[in-house]
Amino acid sequence: MSVDLGGRVKGPLSGLLVADFSRILAGPYATMLLADLGADVVKVESPGGDDTRSWQPPVRDGVSTYYLAVNRNKRSIALDLKDPSDLAAAQELARRADVLLENFRPGGLARFGLDYETVAEGNPRLIYASISGFGSGPGGAELPGYDLIVQAISGLMSLTGDPSGEPYRAGISVFDVMAGLHATIGVLSALNLRHETGRGQHVEVNLLSSALSGLVNQSSAYVAGGVVPLRMGNSHPSLFPYEPLPCADGELIITAGNNGQFRKLVEVLGVPELADDPRFDRNEKRTAHRDELRPLLVARLTTRTKLEWFRDIIAAGVPCGPINTVDGGVAFAEDIGLDPVVTVGGIPTVRNPITFSGSAASYRLPPPALDEHGDELRKWLME
């Protein structure tokens, strides 16, 4: 069931068939990325549909924008796995697929003969990817995995928010997105190995492992340094300045990540002597003496507006930026030529972030209505 690309350049994953048995965010995000790169993705939904269809507001034309965010370039078929004919269709789809991705509770598909071991017997080339909250081991398999719970358990919430306030979640389901990316990496790696061996394998990703990996320097502070990091608001534990600083009309994010950038910054601010001050001449000193350095920078920054400083500091080669709302972020991307929004079937969505020199992401199908392609897919699976 290849998708007609209408003469456009085929994506790097053209010809791959992906059976998407996932729902909500991590799995659908991964399969959308694969679909953008040319894979044919069949979205298998329960008769009630993907949970995010009902996660509203906001909506566009009555459809949840949450669902619209991660389901373009897919075909939908609604299958009741307790119905024998629907189960047979699901099993046949798994038999034909190059990739199957699911995020049922570990072992949840075994009773339908759709677990990796069973499916791989009839389709040994299959890449079978499973996403769970806490892994398939005896300690984690029974734990339901929602991003917010993982943000809490992993320690992320202990790092987010005002130092004297309550822990906060991130503004998005950040570990769902990370797990989706990790699943995509795992699938592509397994596909590459399949070119050599001719065989597929089981790829497993869980949100907690993605979280601990994604905490990077913060988790390393503990496992390598024995330090338990705590909330610092918008400050960075290892860099300064690397935070919002007040200007005459609001705050500007300024990040001087090395000594050269700090020297340029203080020259623009009109206090070049700070670069050679023995308290501030190296990053580790600036970090240790941040409470002394911050008011010296603020005294200069509050003499002008954030836009005036933004233009001059950027021109000097020092990273900085205003704190926008989401509409401002999209507008900024448009202003600098990133073309962040693509319209598919009349529905605006955010462009795939990857650019290729020899191929392209494609936008062929809008997010499907429930069972929109059910008839054609059932007919194909019966052939």
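How do E9 and strand E10 (residues 250–255) pair, and over how many bridges? They pair in the antiparallel sense, over six bridges. Let's look at the whole chain first and then come back to that pair.

## Ground rules and overall picture

This is a predicted model, so local features need pLDDT of at least 70 and side-chain atom pairs count only at pLDDT 80 or more, while totals for chains, interfaces and linings use all residues. Residues are numbered from 1 along each chain as its sequence is written, and side-chain values use heavy atoms, with hydrogens and water left out.

The chain holds 15 helices and 13 strands; these are DSSP runs numbered from the N terminus, with helices being H or I of at least four residues and strands E of at least two. Its C-alpha trace spans about 75 × 50 × 45 Å along the principal axes. Of its 383 residues, 45% count as buried, where buried means under 20% relative accessible area, exposed over 50%, and partly exposed in between (1.4 Å probe, protein chains only).

The chain exposes about 18,900 Å², of which carbon and sulfur atoms supply 55%; accessible areas come from the Shrake-Rupley method with a 1.4 Å probe, and for residues only the protein chains shown count as cover. Among contacts (heavy atoms within 4.5 Å) between residues at least 6 apart in sequence, 68% join residues at least 24 apart.

## The three-stranded sheet

Back to E9 and E10: they belong to an open sheet of three strands, in the order E9-E10-E11 with antiparallel pairing. Two strands pair if DSSP finds at least two bridges between them. Strand E9 (242–247) and strand E11 (320–322) stand at the edges with a single partner strand each, so one side of each has no neighbour in the sheet. Neighbouring strands are turned by 30 degrees against each other on average, direction ignored.

Axes here are lines fitted to C-alpha atoms, for helices over the stretch in contact, and angles run from 0 to 180 degrees between N-to-C directions.

Asp20 sits in strand E1 (residues 17–21) and is buried, with a relative accessible area of 0%. Leaving aside neighbours within four places in sequence, its contacts include Pro28, Thr31, Lys43 and Lys74.

Pro28 and Thr31 are among the buried residues of H1. Eleven of the eleven residues of helix H1 (residues 26–36) are buried, so this helix is largely enclosed by the rest of the structure. Just after H1, Gly38 takes a positive phi of about 110 degrees.

## A buried loop proline

Pro340 lies in the loop between helix H14 (326–335) and strand E12 (341–344). Its relative accessible area is 14%, so Pro340 counts as buried. Pro340 and Val350 are ten residues apart in sequence and 5.7 Å apart in space, C-alpha to C-alpha. Beyond neighbours within four places in sequence, Pro340 is in contact with residues including Val330, Ala333 and Val350.
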